[in-house]
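Work through the exercises below with the sequence and the model open side by side. Each task is followed by a solution in steps.

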Amino acid sequence: MTSTASLLVLALAGILLVTFPSLCAGTIAAHHLFAKCRPSGSLEGPSTGHICGECCKPGHVYPKYQCSPPVTRNTRAVMTLNNFEEGGDGGGPSECDNKYHLNTEHVVALSTGWYAKGKRCGKNIRISAKDRSVLAKVVDECDSLHGCDKPHAFQPPCEPNIVDASQSVWDALDITGDDVGDYPITWSDA
């Protein structure tokens, strides 16, 4: 490669990293890498804290989203872990059927935009990762507009590109150990 071509490649790499800093950032920034919509507002954390690892922090400002990226045959998303059982980290019963679900069921909650006011309730989506795929039923909304209160288990609003899945979905995709929690996936309507 000539020195001019090498300089051009380096310049383009630099432009990419300046334009898309999340390409070299950690998990939270990676959530935004997939996002194709902008925040629709913000929500301030409570003045006093509720103690939990994922709870809203006092005085912190959290973005809210009405939208999610467009759904395609391979929609990029971040899969998070949710406990859909009574007393689990999902708060109350699922939005779609007002029931709790066992963690042995293949169930998910979708970010507000993808939840589409319940239009995907009871329908299966196909989730793919690590050369595997699994069908999971949509039973809940991962609320991207509200949070930091008791009905939302004191958690911040979801990012706009979340598929919040039960443990059995993680198991079916063979995602274990330190990879459980936030993991890049693709999904589509089944």
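## Exercise 1: Disulfides

The structure holds 4 disulfides, a disulfide being a pair of cysteine sulfur atoms within 2.5 Å. This is a predicted model, in which local features need pLDDT of at least 70 and side-chain atom pairs count only at pLDDT 80 or more, while totals for chains, interfaces and linings use all residues. Residues are numbered from 1 along each chain as its sequence is written, and side-chain values use heavy atoms, with hydrogens and water left out.

Task: locate the disulfide of cysteine 56 and cysteine 148, and give its handedness.

Solution. 
1. The sulfur atoms of cysteine 56 and cysteine 148 are 1.9 Å apart.
2. The torsion about their S-S bond is about -85°, so this disulfide is left-handed.
3. The two cysteines lie in distant parts of the chain, 92 residues apart: cysteine 56 in the loop between strand E1 (41-44) and strand E2 (61-64), cysteine 148 in the loop between E6 and E7. Helices (H or I, at least four residues) and strands (E, at least two) are DSSP runs, numbered from the N terminus.
4. Both cysteine 56 and cysteine 148 are buried. Buried means under 20% relative accessible area, exposed over 50%, and partly exposed in between (1.4 Å probe, protein chains only).

Task: describe the disulfide between cysteine 96 and cysteine 121.

Solution. 
1. Cysteine 96 is joined to cysteine 121 with an S to S distance of 2.0 Å.
2. The S-S torsion of cysteine 96 and cysteine 121 is about -80°, so the link is left-handed.
3. Cysteine 96 is partly exposed at 27%, and cysteine 121 is partly exposed at 25% relative accessibility.

Task: describe the disulfide between cysteine 142 and cysteine 158.

Solution. 
1. The S to S distance between cysteine 142 and cysteine 158 is 1.7 Å.
2. This link is left-handed, with -50° about the S-S bond.
3. Cysteine 142 is in strand E6 and cysteine 158 in the loop between E6 and E7, so the pair connects parts 16 residues apart in sequence.
4. Cysteine 142 is buried, with a relative accessible area of 6%, and cysteine 158 counts as buried at 16%.

## Exercise 2: Salt bridges

Task: how many salt bridges does a search of the whole structure find, and what does each pair tie together?

Solution. 
1. The search finds 2 salt bridges; the criterion is a side-chain nitrogen of Lys or Arg within 4 Å of a carboxyl oxygen of Asp or Glu.
2. Aspartate 189 pairs with arginine 120, their closest N and O atoms being 2.7 Å apart.
3. Aspartate 189 lies in strand E8 (residues 182-189) and arginine 120 in the loop between helix H3 (112-115) and strand E5 (124-129), so this pair ties together parts 69 residues apart in sequence.
4. Aspartate 189 is partly exposed at 40%, whereas arginine 120 is buried at 14%.
5. Aspartate 174 and arginine 132 form a salt bridge at 4.0 Å, N to O.
6. Aspartate 174 lies in the loop between helix H4 (167-172) and E8, and arginine 132 in strand E6 (residues 132-142), so the pair ties together parts 42 residues apart in sequence.
7. Aspartate 174 is partly exposed at 34%, as is arginine 132 at 40%.
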